[in-house]
Amino acid sequence: MTHDKLSPKTIEKIIKMAKLYTDGKGLDKYADMAHILKFIGQIDQIDTTDVPPMEHPFSASQRLREDVVTEINQRDLYQSIALDRVDAGVYLVPQVIEGEK
Amino acid sequence: MNWKATIGLEVHVQLKTKSKMFSGSAASFGAEPNSQASIIDLGFPGTLPVLNKTAVDMAIKFGLAVDATVAHESIFARKNYFYPDLPKGYQISQHSHPIVQNGYLDIVLNDGTSKKIGITRAHLEEDSGKSLHEDFHGKTGIDLNRAGMPLLEIVSEPDIASAEEAVAYLKTLHTLVQQLDICTGNMQEGAFRCDVNISVRPKHQKEFGTRTETKNLNSFRFIERTINYEIERQTNILKNGGTVIQQTLLFDVAKNETRPLRAKEEATDYRYFPEPDLLPLKITHEMIQKISTQIPELPKEKRERFAKDYKLNNYIANLLANNQDMSSYFETVAKKIDPTLAANWIFGELSAALNKAELSIRQSPVSATELTRLLARIEDGTISGKIAKTIFERLWSGDGTTDEIIEKQGLKQVTDGNAIEKIIDQVLQDNPDELAAYRAGKDRLFGFFVGQVMQLSKGKANPQQVNDLLKKKLS
Amino acid sequence: MHTKTLLALSDALQHKKISSVELTQHFLDRIKKFDPLLNAFITITERTALEEARKADERISKNKTSPLTGIPIAHKDIFCTAGIKTSCGSKMLDNFVSPYDATCVQKLKNTGMVLLGKTNMDEFAMGSSNENSYYGPVKNPWDLDKVPGGSSGGSCAAVAARIAPIATGTDTGGSIRQPAALSGVTGLKPTYGRVSRFGMIAFASSLDQAGVIAKTAEDVAVLLNDFAGFDPNDSTSADNPVPDFTASLNKSISGLHIGLPKECFNEQLDAQMADKIYAAAKEFEKQGAILHDIDLPMMRAGMPAYYVVAPAEAASNLARYDGVRFGHRCDNPKNLEDLYARSRSEGFGDEVKHRIFTGTYVLSSTHYNAYYIKAQQIRTLIRRDYEAAFKNIDVILTPTSPTTAFSIGSRMKDRIQMYLSDIFTVTVNLAGLPGISIPAGFLNDLPVGVQLIGNYFEESTLLNVAHRYQQATDWHLKIPEKFRGE
């Protein structure tokens, strides 16, 4: 594992992916991430050959819900905490170019 | 050099449930924006998903219908990306362990040949919301009614080589999901939509060429046009020694061409990992057994039955098998009538009339029962095929039943030998020159006399009897 | 009044020796008087508390009660409470008024409990000192220059200072047990799935579990009876029967097998701390329990595995805070990217951003197998260790935390040092087991906690063992000097 090296480019890539990046600012804040990655990299020392990854701590099967409508329209309540960013029932965001996903 | 195209299709089928995949919100179409978005659909802090049983049943049903393996354990995963119509910042989907694996669909092409198209997988996932790009003063509006709607994404093997095959596959799939009653099939509402992956390579090259992906197509016509356009575009690039760029495209309907979605494309890292808010979905043998009893006759089975029981050719059998309404219409008629005669009429007169009037067979003014009566009159010799066409027109305009029209218009076939003889005598008497020429050896004039007799009888004389009697008279 | 147990308060209420309004007012007065020293509360719900108390009194007068009717409680500000600000200790949710109640909040509301307010916490429950709160650090009632532990530091400090009779908390890697130990109170993290997570703001979904912070194990049992239970809205909620946790509190522990993991009692453990823990073990032995040395070889892999899994889930769970539908939104976003990046970098604090970084890193396709899958394999090994141990023993005993409360600011520069406060607690979450921390003495006037770990769904056993200990000791009855007066 290459956990003790963390280039500014990698840092930039990760914080862009996590949507924390603002115009190159704050990159230096993550400088100590190399320590953390080195710390968690210790798991490398454990032999896990043929060990299945834990699926979930709660070993049961997914429960299924009957297909019934239980919700009523509560749009006004849910949008009451976002009045600065709704118009005619829709949430507004800066313009998105079609398909820019 | 010869070129070969490979097409992979990812079809998003919206499952016909009452409520959403992971919440009790209504799953109907066309409601006021955000009126069907609960705190779960909106991704409010603290909310959790619970899986809809009917969506699972529907996925199992589909898996059984395409001879696939229904996984005894499948796992939900989070597909992480940021987009305003994706409220949680991840989509709950299935990644490495989908519910349906390794199935196939038989398609029949226009020349009557069949082809097996593999289905790599089908997995359950939730839909995203909708971004509305107009009317918000330069901003984008977000409507999350669609967020959390249940989808089954069906991924084909790269077995498809042309637009014709792609459309045949999609139409077969489209019919199938409706017959299974798991999807409305409404393409305008986006209930059945498709991403198309296309690559081209030299015919003898083993590895696939670089592919492009065209997203969110919801009409068979656009899909066909996209594929043809894209194959040609890529072939031209390769022919000229260029390289195809792997990218996501949009089909521009107005310009009839594909174009890149974004200027530059960075590979998205979706950081898939098992959804910790859901447990592994275990499907028991009993669940599968129970659902297998709910599966109606599938198009493939129906096609085979039609070919065997009704002696129809593969092409006709396939057309019928893939159209529920037409096949039930056909089966009503073919119970009492020769199946070939029934099929000829359904695909002949009836289809032509329906097309002209832009009606579906369900809306046909001539019911299956009525067409049965009409064809029965041909079979029992009451009327000739030609007269039947006239009567069909009357039936179409609602002028009464077959028998009423025959009665009213006096269209009943003349089968009385004496009456026919009288007409023949009249014809021979009226055409002495032709009679002399025939007798002198001009055999070809036989048809002329038949025609004259039929005309004089206003088409009602039984053609077989006319033939026989005429031969006797002229010999 | 504030020193009484839940059952004693309940008795006083039922026999109308005191009204719920009086009791509630008493605690509200204490909060007003003492919380400025502690900063244990983010929101005090005085008005609604008194309303709820009046309703509780009505119920009591009609004899339509449960043992909890009329008793005040404080909820960690991670639980959604309808109509009340639910901040999760973050600027991101400073403006968030929840439209709904968490299932466990609703269940306690149904009993007629009275909500005093929402307690302070590390932002999004990420922290071991309560210094990562947007609302400022919580002070340890035993020494106001020390941290109370975290992330449920507000709840633990409030109970320790007796400004709330009982409180809720959540525990992802030790966030109930570690602050309970550092603050000198009793804190239970139930088995994963025992208490509904619906309405509890997610940090790491496969590790998070709601629990109880109280003065005594008995109080925990009384509350847990109504707090625990199956919830159809949480797919990971256990559909197991909920026993009456108070029924077996007094059971003899004679013949009970208690395991002491060698990995916890090695040369790295402070000798004085070790003495205190051994002393607690001796008390159990005195009551007839049998002590065993056991092996939990994977203990040391717990910390790094935890700091892979928890941030991975957190990075994904916190993606919903995008400034679109709720929460902090930056001013005048230039475009969509700007809306996301500024809303998130302004709304989240430093520790949260660092954990999102780690989580994003370990989930990215190039690192997924080496980190995420590997850590999940280690979880399997950890679970196997515990399963093997529980074949021969009933309860495992460890220190809750390697040290007592540390000074505010002393570990903020060194994240890894901070993380190591949870070294004895994280594997319990990785395996999904129940654990409890109980007061077991003092070191330099600061509380020491001992942790008991039980098998799956064996909260009754833990509460029984803890209760027996508390019957024989009085560490849990000590009140920090500054908060002893009315």
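**Salt bridges within and between chains**

A:Asp32, C:Asp350, C:Glu351, C:Arg355 and C:Arg415 are linked in a network of salt bridges. The model is predicted. Over all chains, the count of salt bridges comes to 49.

C:Arg415 is buried, at 14% relative accessible area. A:Asp32 is partly exposed, at 25%.

A:Arg75 and B:Glu32 also form a salt bridge, with an N to O distance of 3.8 Å. Helix α3 (residues 75-79) of chain A holds A:Arg75, and the loop between β1 (3-14) and β2 (51-52) of chain B holds B:Glu32; the pair therefore joins two chains. A:Arg75 is buried, with a relative accessible area of 15%. B:Glu32 is exposed, at 51% relative accessibility; the cut-off for exposed is over 50%.

Within chain B, the side chains of B:Asp195 and B:Lys215 meet in a salt bridge, 3.8 Å from N to O. B:Asp195 lies in strand β12 (residues 192-202) and B:Lys215 in strand β13 (residues 212-217), so the contact ties together parts of chain B that are 20 residues apart in sequence. B:Asp195 is buried, at 5% relative accessibility. B:Lys215 is partly exposed, with a relative accessible area of 33%.

Notes:
Residues are numbered from 1 along each chain as its sequence is written. Chains are lettered from A and ligands numbered from 1 in the order in which they are written. This is a predicted model: local features need pLDDT of at least 70, side-chain atom pairs count only at pLDDT 80 or more; totals for chains, interfaces and linings use all residues. Side-chain values use heavy atoms; hydrogens and water are left out. A salt bridge is a side-chain nitrogen of Lys or Arg within 4 Å of a carboxyl oxygen of Asp or Glu. Buried means under 20% relative accessible area, exposed over 50%, partly exposed in between (1.4 Å probe, protein chains only). Helices (H or I, at least four residues) and strands (E, at least two) are DSSP runs, numbered from the N terminus.
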